[in-house]
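Open the structure in your viewer and keep the selection panel at hand. Each stop below says what to select and what is there.

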Amino acid sequence: MDVVVCLKQVVDPELPARDFAIDPRSRRQAREGRTLVISTYDEHALEVALRLKEQTGGKVTTLAVGPQAALGEAVRKALAMGADEALVVDEPRAPEWLGAEVAPVLAAAIRRIGPVDLVLAGCESADWVERVVAPLLAEALGAACVTFAARVEPADGGVLVRRMADDGVHHVAARLPAVVSVASDDANKPRLPKVKDIVAARRKPVTVVATADLEVDPAWRLPAPEVRGVTVPPRTGTCEMLGGEPAEQVEALVRRLRDLKLL
Amino acid sequence: MAGTLVVATALDGTLARSALELLGGARSLDAALGGGVAAALIGHGLGLVEAAEILTRHGATRVYRAAHPALTAGQTDAVLAAVAGVVRRTAPAVVLVAADTVGRELAPRLAYRMRAGLLTECVSLGADGEAIVATRQVYGGRAIATLAMSSRPVVISVKPRALDAAAADGTGTVEDVAVAIDEAALPTRVQEVVREQAERGLDDARIVVGGGRGLGGPEGFKIIAALADALGGAVGASRPPADAGWVPITWQIGQTGKTIRPALYIAVGISGATQHVAGVSGARTIVAINRDPEAPIFSLAHLGIVGDYREIVPLLTARIAAQRGG
Ligand SMILES: Cc1cc2nc3c(=O)[nH]c(=O)nc-3n(C[C@H](O)[C@H](O)[C@H](O)COP(=O)(O)OP(=O)(O)OC[C@H]3O[C@@H](n4cnc5c(N)ncnc54)[C@H](O)[C@@H]3O)c2cc1C
Ligand SMILES: Nc1ncnc2c1ncn2[C@@H]1O[C@H](COP(=O)(O)O)[C@@H](O)[C@H]1O
């Protein structure tokens, strides 16, 4: 199965609070000097792709749209994890793009890669959590769509997806080609590359193109929202610590909860 | 082209509660923008009759009822076909969708087919002149973004439990619309739904006890379940226990998991990552029990106990059970 995995680069979502800031000009999180990582669920998506390849053969190509200079490490990591090739769309504006702006470029890049069976993305990007890119890609490419997949198995010429749903787990059969967005699960924990994989990754092909080199179908574009502001709500309130021996702590808690009419 | 269309689903035979929240949002938008409020009722079975009545009573002046046996839990392709049919017929300016399992996939795909602007995972809706203005959490709940869309049409997905339900003071009419769905031609098909809802629903519980990686394994969840039982509350979890399969995925609270608004949330063995807290920021009172005095949860909670949960929680459970008993 030939699979494309969409990798977004984001500022480390687990960055300590003191390093978190909004750049007032871009109305986005300040990137300068912060650690950049592959968006959390995209690594899970890559792991799903690698396991499918182990089962069915085929090729895994990663696709990232962003400033090429900053993307190197993300691409090297993905190749070291086991992807075969990488396509980078060098796009300095991408860190400020919303899903509706990046999806048409991703669609054009996937067309350029050629006929693929499966496109995987994260179920939500770790920074803006829009949950739009995979469904928009499915529409643009005329492919089947399944979101929030924990596992993807080949089945009957298509795939069988375990979807994480509000009411439990859905087993969804999808035709190919399909676009599937991936959530986390112990069965798709991203593997850690070994030293020999890191070395081997240096020989793997990385293609870089510019957005202008791609044929973006105007029909793929939707009006993008205007970002009027991004604000950090002030932290109010303080935590009342209940000290003493465990029995005293519990007694104090029960008293406070009763005062608050919660018991 | 005018007005607001609410996508109301009844995929398991009864109306999703989020429909009333969407109607609440639609009516406040309509007060500013006009054009009227209608609903597309999507589902199957006899329950649709009552569901349509509930929608008209809560402010949908017209309900387009699209019934088909293929419109069941998780069948997004079928729901999309049905909603697209109502949209073609009514040409709404604004479509509101619940950001639930079906809706979060439906919203972008419908927007694509309508050539519409798209706002997702919104927690508030308003108008500024002609523009629709919405807010949503970004950056793991660390910040709130304000987004505006001046063009029409617009498709908006709204997080469950973010908006207040509409009042029951309306009247309206119901119209059946034909749905043509060729089931064999649908690109995806739900083969099985393995329900994993907790007995006592997490979504609407007044008291929730959440367990994290610090519980050490599924056994730890028995200890906090006893506390939840004594309190008459529900059990939830952070992501690591859900990923590891200690608890069902439906118990996960946070950015990727559920957003809940209990009166009391007790976080046990949870460090307090912003992505977790994003799901409980609407809780009135947060209690943290953690053995690490430096855990970030203590800067977000209202009441804190530093200690080993294996000592604290059973004592608390016994204390509350004794009070209930006596
Ligand atoms: C894009 C994205 C989305 C995410 N979505 C979610 C989400 O929806 N929900 C979610 O929860 N997380 C989510 N996360 C993960 C989140 O960032 C944290 O990694 C996660 O919440 C940590 O879970 P935890 O607090 O249970 O575990 P840990 O951070 O490992 O904390 C365990 C805590 O238990 C305490 N502890 C250990 N033993 C004991 C004991 N015996 N008694 C008392 N305390 C003890 C420790 O002191 C520690 O504070 C997301 C992350 C990203 C990047
Ligand atoms: N700039 C990008 N380059 C590659 N993939 C992206 C980019 N932006 C978003 N994606 C993919 O789309 C997924 C979901 O994003 P979103 O719809 O923004 O939540 C991400 O997890 C990525 O897989």
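Across all chains, the structure holds 36 salt bridges. The model is predicted, and the tour visits several of these pairs.

**Stop 1: pairs within chain A**

Select A:Arg131 and A:Glu124. Their side chains meet in a salt bridge, 2.6 Å from N to O. A:Arg131 and A:Glu124 are both buried.

Now select A:Asp185 and A:Arg151. This salt bridge has an N to O distance of 3.4 Å. A:Asp185 sits in the loop between strand E12 (178-182) and helix H5 (195-201) of chain A, and A:Arg151 sits in strand E9 (residues 144-155), so the pair ties together parts that are 34 residues apart in sequence. Is A:Asp185 buried or exposed? A:Asp185 has a relative accessible area of 6%, so it counts as buried. A:Arg151 is at 33% and counts as partly exposed.

**Stop 2**

Move to chain B and select B:Arg239 and B:Asp243. Their side chains form a salt bridge at 3.9 Å, N to O. Both lie in helix H6 (residues 239-243) of chain B, four residues apart, which means about one helical turn between them. B:Arg239 is partly exposed, at 27% relative accessible area, whereas B:Asp243 is buried, at 13%.

Next, select A:Glu139, B:Asp77, B:Glu105, B:Arg109 and B:Arg113. Salt bridges that share partners join these residues into one network.

**Stop 3: the interface between the chains**

Colour by chain. Here 82 residues of chain A contact 84 residues of chain B. The two chains bury about 7200 Å² between them, with 54% of that area from carbon and sulfur atoms. On the chain A side, select A:Glu139, A:Asp166 and A:Leu262: these lose the most area to chain B, together 10% of what that side buries.

How many salt bridges are counted between chain A and chain B? The count is six. To see a salt bridge between the chains, select B:Asp128 and A:Arg228, whose side chains meet at 2.8 Å, N to O.

**Stop 4: A:His170**

Select A:His170, in strand E11 (residues 168-174) of chain A. A:His170 is buried, with a relative accessible area of 2%. Show its contacts. Beyond residues up to four places away in sequence, A:His170 touches residues of chain A, including A:Val161 and A:Arg163, and residues of chain B, among them B:Ala73, B:Thr101 and B:Glu192.

**Stop 5: helix H8 of chain B**

Select residues 309-325 of chain B, helix H8. H8 has 17 residues and reaches 23 Å from its first C-alpha to its last, close to the 24 Å expected. Which residues of H8(B) are buried? They are B:Tyr309, B:Ile312, B:Val313, B:Leu316, B:Thr317 and B:Ile320. These residues cover an arc of only 125 degrees around the axis, so they lie on the same side of H8(B). Their packing partners include helix H6 (246-259) of chain A, along with helix H5 (218-231) and strand E15 (285-290) of chain B.

**Stop 6: the two domains of chain B**

The contact takes seven residues from domain 1 and eight from domain 2. About 700 Å² is buried between the two domains, 34% of it on carbon and sulfur atoms. The salt bridge count between them is zero.

How values were computed:
Residues numbered from 1 in each chain as written. Chains lettered and ligands numbered in written order. Predicted model: local features only at pLDDT ≥ 70, side-chain atom pairs only at ≥ 80, totals over all residues. Heavy atoms only, no water. Helix = DSSP H or I, 4+ residues; strand = E, 2+ residues; numbered from the N terminus. Expected span 1.5 Å × (residues − 1). Buried < 20%, exposed > 50% of the residue type's maximum accessible area, 1.4 Å probe, protein only. Arc of directions from axis to C-beta. Contact = heavy atoms within 4.5 Å. Buried area = accessible area lost by both parts, 1.4 Å probe. Salt bridge = Lys/Arg side-chain N within 4 Å of Asp/Glu carboxyl O.
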